[in-house]
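Subject: Handover of a structure and the findings from it

Dear colleague,

Please find below the structure that I am handing over to you. My notes on what was found in it follow directly after.

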Amino acid sequence: MTLAVRYLSARTLDTAPAATAPPGPGEVELAPAYVGICGTDLHIFHGDMDARVAPPAVLGHEMSGRVTRVGPGVEGWAPGDAVTVMPLRWDDTCPACRCGHQHICQHLDFIGIDSPGAMQQRWTVPAATLIRLPDSLPLDRAALVEPTAVAVHDVGRADVGEGEKVVVVGGGPVGVLIALVAQAAGGDVRVVELNAHRRLLAQKLGLATWDPAAEDLPELVRQWTGDAGADVAFEVSGAAGGVDTAVEVLGVRGRLCLVAIHPRPREVNLHRFFWRELTLIGARLYDRSDFEKAVALVADGTVPADRLISKVVPLTQAPAAFEALEGGGDVMKILVDCTDDTQETAV
């Protein structure tokens, strides 16, 4: 038996023993080391995804760990290998897959939502989902590869180029990662964020920030761009006001990349889209090349993952960590340590 964090019902999690079985053909068993709690996990915790999540459900998809056992027919992997997981299982038969877009398969199994996730002491997954980690990369930092892959995919979808003016609306974990990846791609980046703690963290990471509550954003954009407007905006806040801001900062033929999951329809200034010939770009998940680039960015320090980790808690304290994250505030990223259920580390 192994210990796992399980979703039971809205706002109810527990830690309980979970059955394990040897990996089958094409599968590997992992010992998760660290698992990050993300916004999607919070949506599950709030009961917003009960149509997809069948309790008792093991959560978690931002992870790092090591291979413990390999199933029949698995080649290239051995116990002790450091890995992360691209948590996608697709059918390879739907129209999206046939067009080469397996990551948005029309029958996608997102592992950790639609099937059991990583927040447990042993986890069996298809070997095809493994992404190798360099031995030099600490496993706590490697737990941020998955959200970094999201950022890599988003910046690629928006096609951020050298010298382009980029506005990131929302300075939470994914927003900061997008800003860092866009900056590495040559973008001139500004992060719009209400929370003072998150603005300060972004500034410490070398990012310029704006406070929409205290500053005149239209005037700042005019001064920054010579009245042209931004080339790219990322909407990462998930708020109606964030959508308005992302649209308003764009210049002629600007690109709005929608990253946040909005739980309800939003009003959008379509006249602005018509008047300036704007483009709306959807961005969802990632592919293997995004993951591999994310590993490189975390490993070489372009993404300083250690500075984004607010706290590390043992597996048994994961339910309380979900409650701590609800308020946002001074917390950026909490990791669950699946290897030790007795210690808590403040970073």
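Leaving aside its neighbours within four places in sequence, which residues is Y286 in contact with? Contact here means heavy atoms within 4.5 Å. The partners of Y286 are M86, P87, L88, H103, F110, E146, A149, V150, H153 and F291.

Before going further, please note that this is a predicted model, in which local features need pLDDT of at least 70 and side-chain atom pairs count only at pLDDT 80 or more, while totals for chains, interfaces and linings use all residues. Residues are numbered from 1 along each chain as its sequence is written, and side-chain values use heavy atoms, with hydrogens and water left out.

The cores

Y286 also belongs to the largest nonpolar core, which has 99 residues. A nonpolar core is a set of buried Ala, Val, Leu, Ile, Met, Phe, Trp, Tyr and Cys residues joined through side-chain atoms within 4.5 Å. Buried means under 20% relative accessible area, exposed over 50%, and partly exposed in between (1.4 Å probe, protein chains only). The members that touch the most others are L30, M119, L130, V168, F234 and Y286. Another core, of 16 residues, lies apart from it; V167, V192, L256 and F273 are among them.

L256 is also one of the residues touched by A246, together with V169, A233 and E235, not counting residues up to four places away in sequence. A246 lies in helix α8 (residues 240-248) and counts as buried, at 0% relative accessibility. Helices (H or I, at least four residues) and strands (E, at least two) are DSSP runs, numbered from the N terminus.

In helix α11 (residues 318-326), the buried residues are A318, P319, A321, F322 and L325. They cover an arc of only 160 degrees around the axis, so they are on the same side of α11; the arc is that of the directions from the helix axis to the C-beta atoms. The cover over these buried residues includes β1 (2-9), β2 (12-18), α1 (39-45), β17 (309-314) and β18 (333-337).

Rings of Phe, Tyr and Trp (its six-membered ring) pair if their centres lie within 6.5 Å; planes under 30 degrees apart count as stacked, over 60 as edge-to-face and the rest as tilted. The count by this rule is 4 aromatic pairs. One of them is the tilted pair of F45 and F322, at 5.5 Å centre to centre with 50 degrees between the planes. Because F45 lies in helix α1 and F322 in helix α11, the pair ties together parts that are 277 residues apart in sequence. F45 counts as buried at 2% relative accessibility, and F322 does so at 0%. Y286 and F291 form an edge-to-face pair, 4.9 Å centre to centre and with 90 degrees between the planes; both residues are buried.

The strands

β1 also takes part in an open sheet of 3 strands, in the order β2-β1-β4 with antiparallel pairing. Two strands pair if DSSP finds at least two bridges between them. β2 and β4 (57-58) stand at the edges with a single partner strand each, so one side of each is left without a neighbour in the sheet. β1 and β2 run antiparallel and are joined by 7 bridges, with T2 opposite A18 in β2.

Strand β6 (residues 82-85) is covered on both faces: A82 and T84 on one side, and V83 and V85 on the other, are all buried. Antiparallel to β6 runs strand β5 (residues 62-70), joined to β6 by 2 bridges, and R66 stands opposite A82. Strand β10 (residues 130-132) is likewise antiparallel to β6, with 3 bridges, and V85 stands opposite L130.

Backbone geometry in the loops

Most residues other than glycine have a negative phi, and most peptide bonds are trans. A cis peptide bond, with omega about -10 degrees, joins P55 and P56; P56 is in the loop between α1 and β4. D159, although not a glycine, has a positive phi of about 55 degrees. D159 lies in the loop between α4 (145-158) and β11 (165-169) and counts as exposed, at 57% relative accessibility. D227 is not a glycine either and has a positive phi of about 70 degrees. The loop between α7 (217-225) and β14 (230-235) holds D227, which counts as exposed at 55% relative accessibility.

With kind regards
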